[in-house]
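Visitor: I'd like to go through this one label by label and hear what backs each of them up. Can we bring it up on screen?

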Amino acid sequence: MLLRFKLNANETREAIREIQEIAFRDKKSINETIDEILLKVGQSQVRVDSFRRELKLMRYPFLSQVEEEFRDCLNDLSLPKEISIHHPPFFEGSYIEIRIKVESTERLSQILSHLISAVERGLIDRLMSIVRDGGAQGVML
C-alpha cells in the first residue's frame, strides 16, 4: 500500500501511526483497516490526496465533518478573493479570523459592504456557530 501511494519517509511514518491508531480505536486488525481505506479510496486513478483524505476522515471523523460544514458555509458566502476567513486550529476557540487584502479605499468599501451583507443575512453567525459548536463537541469527545 505504501509503495502504491508513493509516500515519502515522513508521510509513511505518519500514515502507519494513524492506521495503527484507527485499528486500535476501532478494535480491528491493521490489515482490516488498510483494506477499508483502500476500498474507500477505490482502485481507479489512485492519488495520494484521496488516500490522505480518507485516512484523515477515518482518524478524525468529527473534525473532518466540522471542517466540511465550515467550508460549505464559506462557499455560501461567495467571498471576494481579497477576503479569507479562518477558524482556530482544531476548532479550539470560539472566534473566526477575517483577513482582508486591499489596494484601494474604494475596494475596501466594496469588501466591507459585502461583509455587512453577510452579517445581515446571518451567514457570519452561522460560521461562528459552527466554530463554537465544533469546538464544544470536540471537547466532549
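**Labels and what backs them**

Guide: Let's start with a pair: Arg99 and Glu97 meet through their side chains in a salt bridge, 2.5 Å from N to O. Before going on, note that this is a predicted model, where local features need pLDDT of at least 70, side-chain atom pairs count only at pLDDT 80 or more, and totals for chains, interfaces and linings use all residues. Residues are numbered from 1 along each chain as its sequence is written, and side-chain values use heavy atoms, with hydrogens and water left out.

Visitor: What makes Arg99 and Glu97 a salt bridge?

Guide: The term asks for a side-chain nitrogen of Lys or Arg within 4 Å of a carboxyl oxygen of Asp or Glu. Arg99 and Glu97 come in at 2.5 Å, N to O, so the pair qualifies.

Visitor: And why is Arg99 called partly exposed?

Guide: Buried means under 20% relative accessible area, exposed over 50%, and partly exposed in between (1.4 Å probe, protein chains only). Arg99 has 43%, so partly exposed is the label. Glu97 gets that label too, because its relative accessible area is 33%.

Visitor: How many salt bridges turn up in the whole structure?

Guide: A search finds twelve. Some share partners: Arg17, Glu18, Glu21 and Arg59 are joined that way into one network.

Visitor: Which parts does the salt bridge of Glu82 and Arg107 tie together?

Guide: The closest N and O atoms of Glu82 and Arg107 are 2.8 Å apart. Glu82 sits in the loop between helix 5 (61–77) and strand 1 (83–86) while Arg107 is in helix 6, so the pair links parts 25 residues apart in sequence. Helices (H or I, at least four residues) and strands (E, at least two), by the way, are DSSP runs numbered from the N terminus. As for accessibility, Glu82 has 16% and therefore counts as buried, whereas Arg107, with 26%, is partly exposed.

Visitor: How far apart in helix 3 are Lys40 and Glu36?

Guide: They are four residues apart in helix 3 (residues 30–41), which means about one helical turn between them. Lys40 is partly exposed because its relative accessibility is 46%, and Glu36 is partly exposed because its value is 22%.

Visitor: What puts the buried residues of helix 2 on the same side?

Guide: Those residues are Thr12, Ala15, Glu18, Ile19, Ile22 and Ala23. They cover an arc of only 135° around the axis, so they share a side of helix 2; the arc is that of the directions from the helix axis to the C-beta atoms. On the other side, Asn10, Arg13 and Phe24 are exposed. The buried residues of helix 2 pack against helix 1 (2–5), helix 3 and helix 4 (48–59), where contact means heavy atoms within 4.5 Å.

Visitor: What about helix 6: which residues are buried there?

Guide: Ile111, Leu115 and Ala118 are the buried ones. Their arc is only 55°, which means they lie on the same side of helix 6. The face turned away carries the exposed residues Thr105, Glu106 and Glu120.

Visitor: Why is the pair of Phe70 and Phe91 called edge-to-face?

Guide: Rings of Phe, Tyr and Trp (its six-membered ring) pair if their centres lie within 6.5 Å; planes under 30 degrees apart count as stacked, over 60 as edge-to-face and the rest as tilted. The whole structure has one aromatic pair. For Phe70 and Phe91 the centres are 6.0 Å apart and the planes are at 75°, so edge-to-face is the label. Phe70 is buried because its relative accessibility is 4%, and Phe91 is buried because its relative accessible area is 1%.

Visitor: Last one: why does Lys27 count as exposed?

Guide: Its relative accessible area is 76%, so Lys27 is exposed. Lys27 is in the loop between helix 2 and helix 3, and its phi is positive, about 55°, although it is not a glycine.
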